[in-house]
Every structure is written in C-alpha cells, then in structure tokens.
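Me: I would like to learn how to read a model like this one. Please take it feature by feature.

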Amino acid sequence: MRDLSRRNMLSLGAALGLVSVASATSALAAPRAAAAAADPWWAWDDEVDALLADLLRTGQVPAVNTALRSWVDNNDALPGGLPANLATWLQKVNKLPSWADRAKLRLAADFNRRKDTYLFMLYGLGSGIMSTVIPREAKSVYWSAGGANMQDRAAKTFTFGYDLSDLNAFEPSGQFVVTANKTRLVHAAVRSLLPRSPHWQAVADEPNRLPISNGDILVTFHSLGTFAHKKLKEWRVPMTAAEEEAFLHSWQVAIYLLGVREEFIPQTWAAAEAQSAQVLTPILTPSVEGRELAEDLLGLTAQIDMGVTRGFLNEFVRYVLSDQVGDWLHLPRDYGASALIHAGWPAYIAFREGLIPIVPAGFYLFDQFIRALAMLFLNKGASPTATLITIPTANRPGA
C-alpha cells in the first residue's frame, strides 16, 4: 500500500490545482510591470508566457511536446529539436534555487513517504475538492482543455505528486524539477489560450485580469500544503519540528520552481496560515463550473466497487472540508457513513501511528477506500513512472 500511495500525492489536488488554469493577454502589460513589484496578483511568468505565445502562434507546440516526452529525470540532457529560445530558458530554470536545503528536502521526502496515506486523502478529497469552490480556479479549469476530461486529467497528474514526494525528488535521479518546468510551460500556454474563450470571458470575475498570477499559485499552495499541514496537526499526526520545517521547505521550493517570486513565499507556517486566511478562506464559494467539476471527480469512483460507496465518499469530503462545502456542492447526506468516519478515522490514525495496540473497527474499510481511489487513477495513467504533461494547443472543445 505504501509504494502504491506514494505515487498519488496531490492526486486530484494537482489535477485541479497545480496543473490547471489560465491566461495571458498583452492588455495588462503596463500596469503589470508596476504592480508586480509588491503584489503577487500582478506578477505572472512573463518570459515563458512570451515564449509559449510565440510557439502557439507558429504551430510549434506539437513538435515541442514530442521532443519533451524523453525529458524525464532532473539530470536528463535537454532533448534535441527544441526551439533555441525555449531551450535557453529551460537550461536557465532547470535547477534548484540557491537557498534550497537538500537535507531538508530529503527529510521532507521521507516524511511524505511515512505520512502518505493521510496526505493522499487530504490532497485528493480535501484540496482537490476544495479547488472546485475556488471560483477563479474552477472556472479556469473548466473552460481549459483538461476540464473536458477530468478522469484523464486526474490520471495524468496523479504521478505529479509522486515526483514531489519521491525520496529522490530533487536529486539528479529524481523528476520533480523537470515536472515543475513542464508544468510552467502548460500554465503559460493556457494563459495564452484561455482569454480567447468567450465562455471563460463571460464567467470570469475579472476577465481583463490575467489568471494564474503568483497570487493564484499561492492560493493553490495554501489549498494544498498549508491545508494539509493544518489538518495533520488537527488530526494529531505525530510530527517533529524538523519534519514540519522540512515539509514547508519542500513546498517553498516547489512553488518557486512553478514561478512564484521569492518575496511572496511564506517563510514559516505561521506566515503561511496568516497568508492563507487572507487569500484563500475569504474567496471560497460555489460556482456552476465548480459543482460540475466536483461531480465529475466524485463520480469517477462509481466505476469501481471494492466496498466504497458514494455516500461514504461524500461524507469524507464533508469531514475533511466542512458541511458548508458539502452543501455548496449539493452532496447528499449519509449519516451512517458520517458516524463511521467521525469515530473511525481518528482511531485509524492512532493505530497506524502506534498509539493504540488493537486494530480498530473500520480499519480495513479505510484501507480499502484509499486503495480503491488510488487504483482508479493509477490504472488510467499511461505511465506509472513519469508524469505525462503535454502543452495544450486549444481550450475545452466548444469553448
């Protein structure tokens, strides 16, 4: 189970978060430069945005995708056949920041490995579904290319978190640095594509303001890393101070590699929680697009049985996020499943952590539940060892 679930960190969270979103036009170029100095909501990824806009305009993206398929490990040489300006940019960014602490990154990877089950559930049924009540994110995901096939999107991004949680994630033999850079390319392409969609323009809260700014990525980080850290503490999962610091550090490096400027990255968990309270909590609300995405994702489990019921899934979402979110998403109640979760999940954690000596009732149900979700997405992935990230060339069909 451990080797299996290690491949699934971020899971639906990544499907809806880090490998999602939106846009770039030139209309905001002037105010962007002035505001970006102090405001993450006015800071984007200008250099790679310009590169991808040109690649899309000249029809070079399919050839770039073909070339990038062989670029997997952090120490892989860049493949041949890339446009010179893109190769130059990738060579510049394909490395850790100077402040990255490899010892902390290795400790974080070991922590992720040991707490994989909880993190899988938090990222998948917590962060992933939370993303559907972040309106800017949900609308951008829905109208971009990946929103049309959420199972395929989730399957392809399931291994994203494995790259981050792998013991060698940031080592030369790991894959996360390459994965992050491919994700930046996807973000830049969608920033160029999504503003062309009249459907997205019609529902965007600020259609003339570019999504997936540094601020948007920070919101995603808080819906993943900050949220997971807070829930682990609430669930009384044992963590040392060094492990907590290392866990934060891995996220700091991860979002830096996704293009967030250093001055915007929280330096402590206290700072992260304060920032989250400002930029994430106040914006949570339902949307038509978000409800449909949530239903798509939660409905995927209907393809399997293994004792997992939709009522149990709905109630676990409510347990992890809140009844308010469950009501926003119109999730039917299953009070029997709710009682089992509220009593059984704390006992499940306690037994796994060696805090109680006897296997609690429902232990194997929770294990089966997690395994079923993991297998659903892993079996749909085309590769069990590398994140298959391709640059889009269009929005959602019909958008």
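**Reading the model**

Reply: The bands are buried under 20%, exposed over 50% and partly exposed in between, with a 1.4 Å probe on protein chains only. This is a predicted model, so local features need pLDDT of at least 70 and side-chain atom pairs 80 or more, while totals for chains, interfaces and linings use all residues. Residues are numbered from 1 along each chain as its sequence is written, and side-chain values use heavy atoms, without hydrogens or water.

Me: Where does Ser322 lie? What is its phi?

Reply: Ser322 sits in the loop between helix 17 (310-320) and helix 18 (323-328). Helices are DSSP runs of H or I with at least four residues, strands are runs of E with at least two, and both are numbered from the N terminus. Most residues other than glycine have a negative phi. Ser322 is not a glycine, yet its phi is positive, about 150°. Arg236 is another non-glycine residue with a positive phi, near 60°. Arg236 belongs to the loop between helix 13 (214-234) and helix 14 (241-257). It is exposed, because its relative accessibility is 72%.

Me: What is the mean pLDDT of the chain?

Reply: The mean pLDDT is 84, and 82% of the residues reach 70 or more. Over residues 1-34 it is below 50, although this stretch has 139 contacts in the model beyond near neighbours in sequence. pLDDT is the predictor's confidence in each residue, from 0 to 100. Residues 380-384 also stay under 50, with nine contacts beyond four places in sequence. Where pLDDT is low, the predicted coordinates should not be read in detail.

Me: How many residues of helix 11 are buried?

Reply: 18 of the 18 are buried, so helix 11 is largely enclosed by the rest of the structure. Helix 11 spans residues 176-193 and reaches 25 Å from its first C-alpha to its last, close to the 26 Å expected. The expected span is 1.5 Å times one less than the number of residues. Phe176 lies in this helix. Phe176 counts as buried because its relative accessibility is 1%. Its C-alpha is 7.9 Å from that of Asp73, 103 residues away along the chain.

Me: Is Asp216 buried or exposed?

Reply: Asp216 is buried, with a relative accessible area of 13%. It is found in helix 13. Beyond neighbours within four places in sequence, Asp216 is in contact with Trp41, Arg136, Leu210 and Pro211.

Me: Which residues line the second largest cavity?

Reply: A cavity is a set of points on a 1 Å grid over the protein atoms alone where a 1.4 Å probe fits but cannot get out, and lining residues have an atom within 4 Å of a point. Here the lining is Pro135, Arg136, Lys139, Ser140, Trp200, Ala204, Asp205, Glu206, Arg209 and Pro211. Helix 9 (residues 135-143) gives the largest share, four residues.

Notes. Contact means heavy atoms within 4.5 Å. On a 1 Å grid over the protein atoms alone, a cavity is a set of points where a 1.4 Å probe fits but cannot get out, and a pocket is an open set with protein on both sides within 12 Å along at least five of seven lines; lining residues have an atom within 4 Å of a point.
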